[in-house]
Amino acid sequence: GADSQTLEEGGFNEEWFAGILESIVRDLNQYGVCVIDDFLGAERADHILNEVKALESHGALEAGQVVSRQVQDQARGMIRGDQIAWVTGGEPHCSCIGQLVTVVDSLVAKANKHQDAGMLANYNITWRTRAMVACYPGRDTHYVKHVDNPNGDGRCITAIYYLNRDWSEDDGGVLRIYPEGKDQVASIEPLFDRMLFFWSDRRNPHEVLPAKITRYAITVWYLDQKERNEYLARLAHHQMTTTQPTHA
Ligand SMILES: COc1ccc2cc(-c3cnc(C(=O)NCC(=O)O)c(O)c3)ccc2c1
Ligand SMILES: [Mn+2]
């Protein structure tokens, strides 16, 4: 991974940026997964962790919805145990989260237009979700094997930033990715200041193994314009054909 870097006056030093960019383009194209350690440096990572803990202590995180959570929990046992909050990074006491998202935005935008972008060039990444701040509160909370975007909703890259100091084997909470068509599995520990990118579609089924202790992460999904517009068009069409006009 890249060595830690100092953000110079809000910018970032060029060679750090170029190095990370190369890793993202190369690893996403070759493996569909890219892990970067010591992404922002311990000091900045600590500020981000403090903002996440403040959100949690103020009760801003709530149980992540899948569909109807109640039904899901009882019917088929816990699907996912994380508690989440969606932040833009512009909220009070979220400025460091905002800076993280800004850096990742720049990297993804540059990677998308990089001269060696390869498969990345097939996308036109013009949009993203807000940042999803997630906490798995330990007690074996987990997330069953799933694909983030199985049905072409527009999401093409999942970007996850981990914030867990001194994470050890016994703490569980490993992210297991099962790259489609390959026999090797990627086991990614949610280490402090670790940045992860992977294709959001069926190429990367993945699961979060039971976490024994509190496990923090921040996720952003990047969207491909064409796929997103086609999805929204399907949605609009579906709504028109299913909602019968109500008669007075
Ligand atoms: C309808 O509203 C929502 C709102 C939020 C949603 C969040 C997820 C999600 C997906 N993947 C992961 C994951 O794979 N984490 C890997 C890791 O933490 O290492 C995760 O934690 C959460 C799925 C569906 C959602 C629907
Ligand atoms: Mn996922």
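A residue is classed as buried when its relative accessible area is under 20%, as exposed when that area is over 50%, and as partly exposed in between. In the predicted model described here, Ala 131 has a relative accessibility of 1% and therefore counts as buried. Ala 131 is part of strand β5. Its C-alpha atom lies 4.9 Å from that of Val 220, although 89 residues separate Ala 131 and Val 220 in sequence.

Val 133 is also placed in strand β5. With a relative accessibility of 0%, Val 133 falls in the buried class. Between Val 133 and Asp 148 there are 15 residues along the chain, and the distance between their C-alpha atoms is 16 Å.

Asp 148 belongs to the metal site. The manganese ion (ligand 2) is coordinated by NE2 of His 146, OD of Asp 148 and NE2 of His 206, at distances of 2.1 to 2.2 Å. Along the chain, these donors follow the spacing H-x1-D-x57-H. Because His 146 lies in strand β6 (residues 141-146) and His 206 in strand β11 (residues 206-211), the pair ties together parts of the chain that are 60 residues apart in sequence. Both His 146 and His 206 are buried.

A polar side-chain atom of His 146 is found 3.1 Å from a nitrogen atom of ligand 1. For Asp 148, a polar side-chain atom lies 3.3 Å from a nitrogen atom of ligand 1. In the case of His 206, an N or O atom of the side chain is 2.9 Å from an oxygen atom of ligand 1. Of the 560 Å² of accessible area that ligand 1 has on its own, the protein covers 81%.

Ligand 1 is surrounded by 17 residues, of which the closest are Tyr 136, His 146, Tyr 162, His 206 and Arg 215. The shell around ligand 1 draws at least two residues from each of the strands β3 (83-87), β5 (131-137), β6, β7 (155-162), β11 and β12 (214-224). The space that ligand 1 takes up is the largest pocket.

Asp 153 is located in the loop between β6 and β7. The relative accessible area of Asp 153 is 13%, so this residue is buried. The side chain of Asp 153 is joined to that of Arg 155 by a polar contact of 2.8 Å.

Asp 140 is situated in the loop between β5 and β6. Its phi is positive, at about 65°, although Asp 140 is not a glycine. With 37% relative accessibility, Asp 140 counts as partly exposed.

A positive phi is likewise found for Asp 38, a residue other than glycine, with a value near 50°.

Conventions: Residues are numbered from 1 along each chain as its sequence is written. Chains are lettered from A and ligands numbered from 1 in the order in which they are written. This is a predicted model: local features need pLDDT of at least 70, side-chain atom pairs count only at pLDDT 80 or more; totals for chains, interfaces and linings use all residues. Side-chain values use heavy atoms; hydrogens and water are left out. Donors are N, O and S atoms within 2.8 Å of the metal (3.2 Å for Na, K and Ca); water is not among the atoms, so sites may look incomplete. Helices (H or I, at least four residues) and strands (E, at least two) are DSSP runs, numbered from the N terminus. Buried means under 20% relative accessible area, exposed over 50%, partly exposed in between (1.4 Å probe, protein chains only). A residue is near a molecule or strand if one of its heavy atoms lies within 4 Å of it. A polar contact is a pair of N or O atoms within 3.5 Å; within protein, one must be able to donate a hydrogen and the other to accept it, and residues adjacent in sequence count only if both atoms are side-chain atoms. Accessible areas come from the Shrake-Rupley method with a 1.4 Å probe; for residues, only the protein chains shown count as cover. On a 1 Å grid over the protein atoms alone, a cavity is a set of points where a 1.4 Å probe fits but cannot get out, and a pocket is an open set with protein on both sides within 12 Å along at least five of seven lines; lining residues have an atom within 4 Å of a point. A molecule sits in a cavity or pocket if more than half of its atoms lie within 2 Å of its grid points.
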